[in-house]
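Please open the structure in your viewer and keep the selection tool at hand.

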Amino acid sequence: MIKATLFPLAAMLLLGNWFVTPKEMKSADAMALCEAKPTIENKPTSNFRIERNEEARETTILLEIVPEMMKFDQESFKVKAGDKIILEIDNLDGMEHNLLIAKPGTLDKVGAAADAMLRDPKASEKFYVPQIPEVLFSTKMIGPQELYTLTFTAPTTPGKYPFACTFPGHWRMMNGIMVVE
Ligand SMILES: [Cu+2]
């Protein structure tokens, strides 16, 4: 990375046009900068974290919303039945999203109810969370760059509980599974 930034700088100095600002840089120079970037840096990194305090029967999770990918950074995570769950959702995207957790096997039903909220004039007041018994826990709409904490008690019945963002249209891509053991 240091090499990548120093090379064009050195080239500019040699050519005597050190006063050229990056904006005025020739496209070839700009291209060189892009190409010099190792591909690993372009990969979105995840800070996903899950920690359990056995004594307190408490699990803290950090789940991220990946920028411009319409997805959460984990497709699934495991929790213990009856644990207190502190789910921190870090929205790294440029738009609002929510997160809800639903009863096992109900993602399609919840998703369809979410899409139907497009016709509900009060949908935004309800944070696009369908008011049906299949939905167990939910957040408000979480703003861009906002970290929101959802606290709940994990179900006592083990199973695969779907989680999703239910802003209309998002749930098909923005979903995953909370496995309760
Ligand atoms: Cu969303």
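**Before selecting.** This is a predicted model, in which local features need pLDDT of at least 70 and side-chain atom pairs count only at pLDDT 80 or more, while totals for chains, interfaces and linings use all residues. Residues are numbered from 1 along each chain as its sequence is written.

**The whole protein.** Display the cartoon: there are four helices and ten strands. Helices (H or I, at least four residues) and strands (E, at least two) are DSSP runs, numbered from the N terminus. Along the sequence, their order is α-α-α-β-β-β-β-β-β-α-β-β-β-β. Of the 181 residues, 27% are buried. A residue counts as buried if 20 or more other C-beta atoms lie within 10 Å of its own, as exposed if 12 or fewer, and as partly exposed in between, with C-beta atoms placed from the backbone.

**Strand β5.** Select residues 84–91. The covered face of β5 carries Ile85, Leu87, Ile89 and Asn91, whereas Lys84, Ile86, Glu88 and Asp90 form the uncovered face.

**Helix α4.** Which residues of α4 are buried? They are Leu107, Val110, Gly111, Ala113 and Ala114. Seen down the axis of α4, these residues line one face, because they fall within an arc of 160°, the arc being that of the directions from the helix axis to the C-beta atoms. Turn to the other side of α4 to find Asp108, Ala112 and Ala116 exposed. The buried residues of α4 pack against β6, β7, β9 and β10.

Not counting residues up to four places away in sequence, Val110 touches Ala102, Pro130, Glu134, Val135, Ala164 and Thr166. Such a contact requires C-beta atoms, placed from the backbone, within 7 Å.

**The nonpolar core.** A nonpolar core is a set of buried Ala, Val, Leu, Ile, Met, Phe, Trp, Tyr and Cys residues joined through C-beta atoms within 7 Å. The largest one has 33 residues, and those with the most contacts inside it are Ile89, Leu100, Ile101, Ala102, Val110 and Ala164. Helix α4 gives the most to this core, with four residues.

Key:
Two residues are in contact if their C-beta atoms, placed from the backbone, lie within 7 Å.
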